[in-house]
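Trainee: Could you take me through the surroundings of the ligand? I would like a close look at that one part.

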Amino acid sequence: MAQEEIFKKLVAHCKEYGYVFQSSEIYDGLSAVYDYGQYGVELKNNIKKYWWDSMVLLHENVVGIDSAIFMHPTIWKASGHVDAFNDPLIDNKDSKKRYRADVLVEDQLAKFEEKINKEIEKAHKRFGDAFDEQQFRETNQRVVDNQKKYDDLHERFSKALNDNNLEELKQIIIDQEIVCPVSGTRNWTDVRQFNLMFSTEMGSTSEGAMKVYLRPETAQGIFVNYLNVQKSGRMKIPFGIAQIGKAFRNEIVARQFIFRMREFEQMEMQFFVRPGTELDWFEKWKELRMQWHQALGFGAENYRFHEHEKLAHYANAAVDVEFKFPFGFKEVEGIHSRTDFDLSQHEKYSGKKVRYFDPELNESYVPFVVETSIGVDRMFLQVISAAYHEEQLEKDSRVVLKLPPVLAPVKLAVMPLVKKDGLPEKAREIIDRLKFGFNCQYDEKDSIGKRYRRQDAIGTPFCVTVDHQTTTDNTVTIRYRDSMEQERVNIADLDTIIGEKVSMRRLFEKQ
Ligand code: ATP
């Protein structure tokens, strides 16, 4: 099945099984805004906990904060967001659809990459173990041609972005003969800059009202609190501050479900270091973050680093962690070395010193910052799209979410085989024992087979069935979601068996 088809099914599945709903659906929805349902919120909370604990529990020099969404508007002037938090947009005059010019070109680059990868895949199949990819890349004419097209476009595109050259960006779109996916034409407007910040007013009278912004990133709340935390927590450099919170961006093109939203959540960590050591820390955090992703077990081959085409004005190194979504490799997380830009700007605009006195060097300086920045919602989409499987079984088929047990919303379902003979009571007893440690669900409706399918569809890793034997020897069957194998175990052992598999501690110990 085509990847697009699978993605459509995944979106429908998220709605049908209480993971994600379109916001304001009964009013025909609000574009690029989504609500999380009863299972979605559990998965989201588990993702947040996995991130938070990996930062704050595992690193004694990383602490958390929770800053307000509203901040003094000058903060956004100082950070550069008022003047430069723009995306280049372009309209197709026939379809009237709006696109991000940079994304159109990135998609074109991805097409060349895809062609190359297809050739390599084909050849790999043909030559088997004897296949030498390096040699093939250098000698196959189609690969060489496409690689050249990719490199030329990449170079031209990077230059246009770095020079902020909007005319050149449009020219690239024309020269590459990029068409609007809706109208199929190349009738484009000029490229314009569009600021992504939402604003509103604070204050009760119109004369006294102050324009404030909904924060487009959580990072600035950390920067402006860095000295408060450093002093009150007696933190010594290097140290980090982590935060999870909402961010808002008036995205031009809202695409791909919860991949690009107008209201979303970020998990950011700013790590304050001695100037000159930032690139070492950048490498260290790159490695740690990749480990965190890969520990979930979705396959190392589905992740890669992507160097930025254009470094932001404040950065001296930047890389994205990309995951292979059904629509291709896309960014899940950014890791940036932001120099002393933000803190220096806040010194300048606030008139207050934000220096750190380094007792080892006996001098004060503005620390440099390495940040890791990941979207909760994008991580959610990454997890759920990797977990979604349609499987053909001997007699029927099933849709199963192979979520890592540690992240699964419901850890176990307890099912009485029949609704009589004391089995429901026994099942409730088991839930009453286990509910303090795990999110449990009781299910007695329909045949056992149907109940298993329902639990597969929401990703419950364990189903526990209570049958007549249970009433005599206190054993139950436990059925494992992925292998569908069943095992007879003592009720008294359930806590340990399940606890081991859903333990975040075990996941951390693997990293
Ligand atoms: P993109 O290039 O996709 O617009 P970005 O480079 O602007 O993203 P950052 O500013 O580095 O993104 O934000 C850090 C992380 O926040 C991203 O890696 C992504 O996971 C998440 N994120 C950013 N914008 C959105 C959005 N509109 N919806 C959902 N998540 C987002």
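**The shell around the ligand**

Mentor: Strand 13 gives the largest share of the shell around the ligand, with 5 residues. Keep in mind that this is a predicted model.

Now take the whole shell. In total, 16 residues surround the ligand. The closest are Glu251, Arg260, Met261, Glu331 and Val332. By type, the shell holds 7 charged, 5 polar and 4 nonpolar residues.

Next, look at the oxygen atoms of the ligand. Start with arginine 249. One of its polar side-chain atoms lies 2.9 Å from an oxygen atom of the ligand. Then find glutamine 266. An N or O atom in its side chain is 3.3 Å from a ligand oxygen. Glycine 375 uses its backbone. There, an N or O atom lies 2.9 Å from an oxygen atom of the ligand.

How much of the ligand does the protein bury? Taken alone, the ligand exposes 590 Å². The protein buries 85% of that.

Which elements give two or more residues to this shell? They are strand 10, strand 13 and strand 16. Trace them on the model. Strand 10 covers 263–273, strand 13 covers 328–339, and strand 16 covers 368–375.

Strand 13 supplies 5 shell residues. Side-chain atoms of arginine 249 and glutamine 266 lie by ligand oxygens, and so does a backbone atom of glycine 375.

Technical notes. Residues numbered from 1 in each chain as written. Predicted model: local features only at pLDDT ≥ 70, side-chain atom pairs only at ≥ 80, totals over all residues. Heavy atoms only, no water. Near = heavy atom within 4 Å. Polar contact = N/O pair within 3.5 Å; in protein donor to acceptor, adjacent residues only side chain to side chain. Areas by Shrake-Rupley, 256 points an atom, 1.4 Å probe, with all protein chains shown as cover. Helix = DSSP H or I, 4+ residues; strand = E, 2+ residues; numbered from the N terminus. Nonpolar A, V, L, I, M, F, W, Y, C, P; charged D, E, K, R; others polar.
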